[in-house]
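Subject: Structure handover

Hello,

Here is the structure I promised. Please open it first, then read my notes below.

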Amino acid sequence: MASPQIPTEQWAQVVEKTGGPVVYKKIPVRTPGPDEVLINVKYSGVCHTDLHAMLGDWPIPTKLPLVGGHEGAGIVVARGELVKDVEIGDHAGIKWLNGSCLNCTFCNQADEPLCGKPLLSGYTVDGSFQQYAIAKAAHVAHIPKECDLEAVSPILCAGITVYKGLKESGARPGQFVAIVGAGGGLGSLAIQYAKAMGLHVIAIDGGDEKNELCKQLGATAFVDFQTSKDVVADVKAATPEGLGPHAVLLVAVQEKPFQQATQYVRARGTVVCIGLPANAMVSAPVFDTVIRMITIKGSYVGNRADTTEALEFYRRGLIKVPYKTVGLSKLQDVYKLMSEGNIVGRYVVDTSK
Ligand code: NAD
Ligand code: ZN
């Protein structure tokens with residue numbers, strides 16, 4: 001079943017070789033399989049993961065040629081014959097987990113990001129940096145009609161991921177959470193989800209523009225990692241009695257803060273690793289970890305329920321995405337700014353330009 005005006009060709013940004021750059025060109029529009037939908041992507045957020053994928057930063061290879069992107073917001077224009085719960089005309093989102101087996105232990109327990117046979121948008125299958133993208137119907141995000149497709153797009157990865165990470169941190173209302181990389185795409189949303197959950201936020205990032213944004217979004221304190229003489233001392237000083245935050249959300253793209261966080265987290269606190277810098281290790285002294293009863297854990301995107309919940313926070317007006325929009329044809333310029341650490345909030349690409 002399909003709406004009539006689907007073209008056979010479309011504009012896309014294609015990674016032809018690992019290392020990049022992306023090539024803006026016309027490629028064919030695919031037909032969805034029996035359990036898939038075709039989404040006319042209107043806007044897509046640009047996540048640092050897309051840059052890692054192009055550069056080959058991680059131990060798992062991407063498909064090649066690759067269309068990146070996994071924060072795609074658009075309109076369903078075709079569906080396979082087995083699809084019953086997604087209608088033509090629905091507003092839907094392409095997220096990182098494009099599909100999973102739905103049958104393994106992890107899928108059965110709503111831990112589908114841990115499925116051993118995942119389809120990953122913009123990594124193992126083509127993603128949202130094209131005008132028409134395919135997704136498994138069971139996994140598409142259902143975007144409420146009143147949400148603006150442009151502004152909501154970054155929720156589809158950044159929002160879901162930090163919302164899940166905050167839940168994994170175990171932090172409770174009234175407690176303190178440090179967000180490391182707070183001025184970036186994930187961080188700027190993490191500040192707001194944390195605030196909406198009743199947490200105090202200590203934002204850590206670099207530069208005046210990010211400082212200003214973090215404060216404006218509700219952070220209690222800002223520690224500038226580029227100018228601070230002692231990040232550990234400054235983070236502790238921003239918490240009551242200098243005991244340190246109850247939880248730390250690491251969404252930075254450098255290794256150093258992953259080594260630092262256990263030094264300032266409060267005793268019995270939790271360090272949640274989310275950022276994925278290339279070739280990085282997380283390590284901590286055994287002695288400290290034991291006698292201060294520190295938890296160090298990873299958090300990876302979110303399941304379908306987390307997706308719905310993260311979107312609902314947005315629909316209720318609790319989250320304002322700080323974004324700038326450029327045409328899809330300018331994606332390589334966005335990657336340049338991103339690799340220099342010069343993006344405040346998120347960039348969104350408009351697939352019509
Ligand atoms: P981004 O580039 O928008 O933001 C990263 C921020 O980290 C920047 O503002 C940068 O200034 C800051 N930073 C760099 N070094 C720092 C330091 N030493 N201390 C404090 N801040 C520092 O990137 P993003 O799109 O927000 O993604 C962040 C990371 O999260 C990426 O590695 C991405 O791949 C990863 N990610 C993980 C998941 C997951 O499920 N675990 C999901 C999405 C993204
Ligand atoms: Zn992402």
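A charge counts as sitting over a ring if NZ of Lys or CZ of Arg is within 6 Å of the ring centre and within 35 degrees of the ring normal. R316 does this: R316 lies over the face of F313, at 6.0 Å from the ring centre. Note that the model is predicted.

The structure holds 6 aromatic pairs. W96 is buried, at 6% relative accessible area. Y123 is buried too, at 4%. Ring pairs join W58, W96 and Y123 into a cluster.

Y163 and F313 form a tilted pair, 5.2 Å centre to centre and 55° between the planes. Y163 is in α4 and F313 in α10, 150 residues apart. Y163 is buried at 6% relative accessibility, and F313 at 15%.

Next, the zinc ion (ligand 2). Its protein donors are C47 (SG), H70 (NE2) and C157 (SG), 2.0 to 2.3 Å away. H70 lies in the loop between β4 and β5 and C157 in the loop between α3 and α4, so the two tie together parts 87 residues apart in sequence. Both H70 and C157 are buried.

Last, helix α11. Its buried residues are L331, V334, Y335 and M338. They span an arc of only 100° around the axis, so they fall on the same side of α11. Their packing partners include β1, α1 and β18.

Best wishes

Note on methods. Residues are numbered from 1 along each chain as its sequence is written. Chains are lettered from A and ligands numbered from 1 in the order in which they are written. This is a predicted model: local features need pLDDT of at least 70, side-chain atom pairs count only at pLDDT 80 or more; totals for chains, interfaces and linings use all residues. Side-chain values use heavy atoms; hydrogens and water are left out. Donors are N, O and S atoms within 2.8 Å of the metal (3.2 Å for Na, K and Ca); water is not among the atoms, so sites may look incomplete. Helices (H or I, at least four residues) and strands (E, at least two) are DSSP runs, numbered from the N terminus. Buried means under 20% relative accessible area, exposed over 50%, partly exposed in between (1.4 Å probe, protein chains only). The arc is that of the directions from the helix axis to the C-beta atoms. Contact means heavy atoms within 4.5 Å. Rings of Phe, Tyr and Trp (its six-membered ring) pair if their centres lie within 6.5 Å; planes under 30 degrees apart count as stacked, over 60 as edge-to-face and the rest as tilted.
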